[in-house]
Amino acid sequence: MENIKISVIMSVYNVENYLEEALDSILNQSIIDDIEVLMIDDGSIDNSKYIVEKYALDYSNFHAYHNPNCGQGCERNYGLSLAKGEYIHFMDADDYIVSDFYEKMYGFAKSDDYDFVLCNTSKYTKNSIWKDILFKTGFKGIKEDFLTVNIEDNHSLIYDTIIANKLIRKDFILENNISFIDEKILYEDILFTMNLYCYADSVGLLNEDKYYWRYRDNLSSSTQQFNTINNFKDRFKILKLMNDFMIDENVDGKIKNETYKKWLNHDLKMFIKRINKYDSSDYEFILNDVCDFINEFPMELFDYLNSYKKIIYKMLRNKDIDSLLFFAPLEDNLKADHDLFYSIDEKYHDLIDLAEDYVDEDLKASLHDVKIEDGNLAIYIKSFIPYLSNPDFNNFKFKLFESDDDYTIEIQSVKKEDLDNFYLINSWKTDEKNIFKLLIPLNDFNLLKSKNNIFVFYDDGIVKKEAIVKTNKRKRTLTIGDYEFILTYGVYRNLYLFVEKLSDETLNIVGVFASSHSLSSDLNYLSSGFNSLSSDSDSGHASDSDSFLLDDDFNFGFLESVDDNIVCNFSNKFNTLEYEDESFINLIGVCDKEIDYLILENLVTFKQFKYETELITDFSIGNLENFNSPEFKEFISSNKDNFIFCISIPFSDIFSSPITKWQIKVENNAILQIKKPFKYVDNKIKINIQNNGNKLFVIAQYMNKLNEIKLLNSRNEKNKLKNSSLQHNNKIANKKLEKLNLEKKKLLNQINELNIKNQNLEKINKDLILDLDSAKKKNQNLKDEITAFKSRKIVRFADSIKKL
């Protein structure tokens, strides 16, 4: 490549689950042909090393290098030695950039020949986007989209310590001999960034979120593991090196002091507050090394700290480890419960001064609960001002404000003259601490806008604070009468209240398939594609000119209609689609009324794409003759009076955001139904389309096939072990069963013998009974003979008396 504008240097280490997403976000750049990508494998022991090789083979401007593990700073220096671009970007291998990142950043850098330019940044997970404290503080008060800055006049930029949101002129780096620490250490970019700011003559700031910094849910990123002492030690070493640099370079005293303040407020504090997570053997490092370090700071800087920080650093200086272990972890609790301050030793009470602590704190407001009460909508909000003593709860006011189109609203962006147009919500303090009840009566539902934020204001004449209510809670949906209320979080974790009038109209998605053609722009392709697919066949094949391959599990089908009549056979399995420039998910639907377009809306950013519907009418004339499915013919024939349409959703739209979860919507809130889920899977991505209630969702994600195979092999090995164990247990059980059978046989023989003996005894008993009966008869006969003899004797005796 010649005239390379940008060299992207990416150090890669064990990021197989995120790497392809990061590399694809580079591939999707609008000026990709002007970029080289240097992927430097830092001795990965997972599949990352194979992934970079695949990209290097597939794309001529992607280059793979493999080194023994030496740390990210070392690999970045190596990449810098190879770079041919005019500008340098150090991108993390698990992050995401928007499609115009390089175009915007390069154009801005060239506009005034800046030494480097930076952009605003947000953190994200697969479900959320928010502002990290570094960028909330570093960009606070900046309203312009483009501006020239310097660290002398903009001290808040000291909080901008990551390297990945910057595009740097390579000659500027080389001329000032700036490099990363050439050893295995975390947070190496903090020192590098300080070098940039101190040496730069001109810096440009683009106040737009163009870079997304991934926060790994499983905390597999080493720099996000604040509970480990090794991270603390690495951070501490970087801070000491920065201090040496500022002294050696004779950095302006104001900048030094602002840097020390930042360390006290953020870098050191975030580790000290976790002191109870460390082993007791690590306390010596904290009580000695860290304590000695902060003792070098000007003492007057501690006066700028709030009460909590004054106390923890005093405890540190006193080497009062027991008090520190108890008090340091309580920071978040102290903000809402000031009485906790007085649970510590009285010798620290003189450091408690809450009168000014609240000044630099933002009003806090978050969703606590939502309920239906007597047909009204009741929203419970937890709200308070950190460190503000005895607030007047009557001065908390809550208002609804219609959300703007880009859904990135911040309290500072709301014009004051618009505040009077807010919907004021009836609210009052509950008996629960800091919990307010907001009640929107049934009669006011028609006054509400469809998309709303909830604002909270506090004004007691002295203290004035305002905020947007936020939430981390999952989506809640409530139905009251003809209205559906949806409460969910969006960008920056702002709470959004969606108010929708329920519709009785249903739109049925009856067909879904993936292709390398836009179905809605080429209906002739539909008939040619259908021509090769038969519902009587187990597999389909596309024509050679169609640039997409179908395997035996091709995921095409017309789904069941709402009356449960089978329209066409449908496979729930997946297909692999090979595409050249773009691929599409094609939907075919039917409804009673004509609709102009469907909307694809992101579930977190609320970014929208609109797709005009294309009528399918030609099937009733000529094209239908080329389709072999009698089920589809019957479907078309039975729906002549309905509106049958199609839309095509590009894969690039689905993956245009770091959050790849979407809802397909209709402008009139009609119910969208797809009776069977659709799943597309290839060697990189997975896309699911399915209903949840009466909503239709598109959920996409990157797949790591190699990792999946590894997991399957691992599961297979585990299953083999289980099977072997079961076989062993089965043998033992069989032996026990054989033994039991022998015992059973013996018992049966004994029972048989006893039965025979019993039968003999019964026979003897019968004989004895017969003998007894015979004896009884003989006895009776004897009795009769005796009685007769006695009678005769008496008669004779009587006769003899008579004769006398």
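**Figure 1. Lys136, a partly exposed lysine.** With a relative accessibility of 41%, Lys136 is classed as partly exposed, because that class lies between the buried limit of under 20% and the exposed limit of over 50%. In this predicted model, Lys136 belongs to helix 5, which covers residues 133-138.

**Figure 2. A patch of positive charge on the surface that includes Lys136.** The patch brings together Lys136, Lys140, Lys364 and Lys470.

**Figure 3. Asp189, a buried acidic residue without a salt bridge.** Asp189 lies in helix 7, made up of residues 188-199.

**Figure 4. Contacts of Asp189 beyond its sequence neighbours.** When residues within four places in sequence are set aside, Asp189 touches Arg76, Thr161, Ile162, Ile163 and Phe180.

**Figure 5. The whole protein, as context for the close-up views.** The protein contains 18 helices and 32 strands. Of its 804 residues, 50% are buried. Among contacts with a separation of 6 or more, 74% join residues 24 or more positions apart. The accessible surface amounts to about 40,400 Å², and carbon and sulfur atoms supply 47% of that surface.

Notes: Residues are numbered from 1 along each chain as its sequence is written. This is a predicted model: local features need pLDDT of at least 70, side-chain atom pairs count only at pLDDT 80 or more; totals for chains, interfaces and linings use all residues. Side-chain values use heavy atoms; hydrogens and water are left out. Patches are made of residues with over 30% relative accessible area and no salt bridge: like charges are joined within 9 Å, nonpolar side chains (Val, Leu, Ile, Met, Phe, Trp, Tyr) within 5 Å. Accessible areas come from the Shrake-Rupley method with a 1.4 Å probe; for residues, only the protein chains shown count as cover. A salt bridge is a side-chain nitrogen of Lys or Arg within 4 Å of a carboxyl oxygen of Asp or Glu. Lys and Arg count as positive and Asp and Glu as negative; His and the chain ends are not counted. The place of a charge is taken as NZ of Lys, CZ of Arg, CG of Asp or CD of Glu. Helices (H or I, at least four residues) and strands (E, at least two) are DSSP runs, numbered from the N terminus. Buried means under 20% relative accessible area, exposed over 50%, partly exposed in between (1.4 Å probe, protein chains only). Contact means heavy atoms within 4.5 Å.
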